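Here are a few friendly notes to read alongside the structure. Take them one at a time, and look for each part as you go.

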Amino acid sequence: MSGAIALASRPFLANRLKPSFQWKTTNLRYVTASKADRKDRKWYFIVGVATASGIALMYTLDHAAEASSFHLHPLHLKWPHSGLIQTYDTASIRRGYQVYKQVCAACHSMRQIAYRHFVNAFMTEEEAKAEAAEIQVEDGPGDDGKMYMRPGKLLDYLPSPYPNDVMARLANNGALPPDLSLITLARHGGEDYIFALLTGYVDPPAGFPIESYQAYNPYFPNGSAIAMTQQLFDDMLEYEDGTPATQSQMAKDVACFLKWAAEPEHDVRKRWALKLAVMIPPITLALLYWKRHQWTYLKSRQFVFKPPRRPEAPPE
């Protein structure tokens, strides 16, 4: 009798116990996958440590090579625009343009700067138009098919001192004066390098090989022998606002002007960063509250495992 009851209840028991058996199998598979993940994580950790060690070694060797070089590294100076909320010194940029126009423009170009960029930066529109009208620009062809010269406009770019690079090298003993449009971004140290270079001319040490047309500047990275001789001297020009035109003042002003030329969006970028710094905290709090409100019912749920009940034996 008991054997017949067992045979009759076997399908029923199998169906009742099937979910419990599947859960155990799934749980075993999950444990196996976790072991594989831990093994992969060990390899990821080893690769990460090796990569970080390689980067640290390259950084150390690079700085060791710089320390053994023959040129000096410029000191980091406190500029009017170097703070988190500080902006450009407009008066200094205006004076720096005067230094560039009267000193630097004789050899260096600024091909990416147009007179329209001066408007509302350190000049009014009328002042920028008057400044552009001082140059002559080749235009045309005219009605007669010939090119002609006209006064400059706001859309014109700053003139280059040489028609091409070959003429520039011929006029400077084979050295090519770099374009100054992005010079503060192209040189390590930025405006610190510009200031140190313009004020760092000294006599060469005894036995240092230097050509007659070169000057010695320890801040110049290519061997300290530079083709540009000292250009700034005290009281060599007169500022429009009456500021004393010392060598350090002119170097500081032209460095500020070149920094503005490379990053004219500097003030706008900081203004937007300040706005975002004010807006992001309340938005973040609102999103956190919304996330907590939306997912609370899922995180607060509780799962209770109820083992299957054994079927009662049918009455005899």
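1. Let's begin with a term. A pocket is an open set of grid points with protein on both sides within 12 Å along at least five of seven lines, and its lining residues have an atom within 4 Å of a point. Please keep in mind that this is a predicted model.

2. Now to the largest pocket, which holds about 770 Å³ of space. Its lining is made of 32 residues, and His108, Pro177, Pro178, Ile226 and Met228 lie nearest its centre. Helix 6, strand 4 (225-226) and helix 7 each give two or more residues to this lining. The largest share, four residues, comes from helix 6.

3. Next, the largest nonpolar core, with 44 residues. Tyr100, Met110, Phe118 and Phe257 have the most contacts inside this core. Which helix gives the core its largest share? That is helix 7, with nine residues.

4. Methionine 110 is in contact with residues beyond its sequence neighbours within four places, including Tyr100, Leu158 and Phe257. Glutamine 247 lies in helix 7, and its side chain reaches the backbone oxygen of leucine 232 at 3.1 Å. Among the other contacts of glutamine 247 are Leu198, Thr199 and Asp234.

Key
Residues numbered from 1 in each chain as written. Predicted model: local features only at pLDDT ≥ 70, side-chain atom pairs only at ≥ 80, totals over all residues. Heavy atoms only, no water. Core = buried A, V, L, I, M, F, W, Y, C linked by side-chain atoms within 4.5 Å. Buried < 20%, exposed > 50% of the residue type's maximum accessible area, 1.4 Å probe, protein only. Contact = heavy atoms within 4.5 Å. Polar contact = N/O pair within 3.5 Å; in protein donor to acceptor, adjacent residues only side chain to side chain. 1 Å grid on protein atoms, 1.4 Å probe; cavity = no way out; pocket = protein on both sides within 12 Å on 5 of 7 lines; lining within 4 Å. Points joined across faces, edges and corners; volume = space filled by probe spheres on them.
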